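Reader: I have a new model open. Please show me how to read it.

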Amino acid sequence: PDTRVHCCLYFISPTGHSLRPLDVEFMKRLGKIMNIIPVIAKADTMTLEERHEFKLRVRKELEANAIEFYPQREFDEDLEDKMENDKIRETMPLAIIGSDTEYQINGKRVLGRKTAWGIIEGLTSKT
């Protein structure tokens, strides 16, 4: 059996500011030996605008510190691959929330988390 670790979901604290020095150093080292997928944990604690700005700051920091994350540039074998991979890179870091509770929204059952402001859907492709 293959016992190697192929991927690391690296959870980033939703500070709204930037990466911590420890995050930068850790991802630099990990990126040399495995695929890293950066993820903003508890993304529902941020507004859409805060999350968007935080994602941009984190992406710039990753690039400025030469931290490789999935998909790495070496996977861009042709123009089609590069275009597809660029779409994925633009979504990084991913933003997630977790939920195992179903709610009824507009006649549709969705997984989500209920807050004082409404229900946050857990499965959506929106940024």
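Reader: How many of the residues count as buried?

Author: Buried means under 20% relative accessible area, exposed over 50%, partly exposed in between (1.4 Å probe, protein chains only). Here 30% of the 127 residues of the protein count as buried. This is a predicted model: local features need pLDDT of at least 70, side-chain atom pairs count only at pLDDT 80 or more, and totals for chains, interfaces and linings use all residues. Residues are numbered from 1 along each chain as its sequence is written, and side-chain values use heavy atoms, with hydrogens and water left out.

Reader: Which elements does the protein have, and in what order do they run?

Author: Helices (H or I, at least four residues) and strands (E, at least two) are DSSP runs, numbered from the N terminus. The protein has three helices and six strands. From the N terminus on, they run β-α-β-α-α-β-β-β-β.

Reader: What share of the contacts joins residues at least 24 apart?

Author: Contact means heavy atoms within 4.5 Å. Take contacts between residues at least 6 apart in sequence: 61% join residues at least 24 apart.

Reader: What are the spans of the C-alpha trace?

Author: Along the principal axes, about 45 × 35 × 30 Å.

Reader: Where is D78 placed?

Author: D78 sits in the loop between α2 (48-64) and α3 (79-90).

Reader: Why does D78 count as partly exposed?

Author: Because its relative accessibility is 41%, and partly exposed is the class between the two cut-offs already given.
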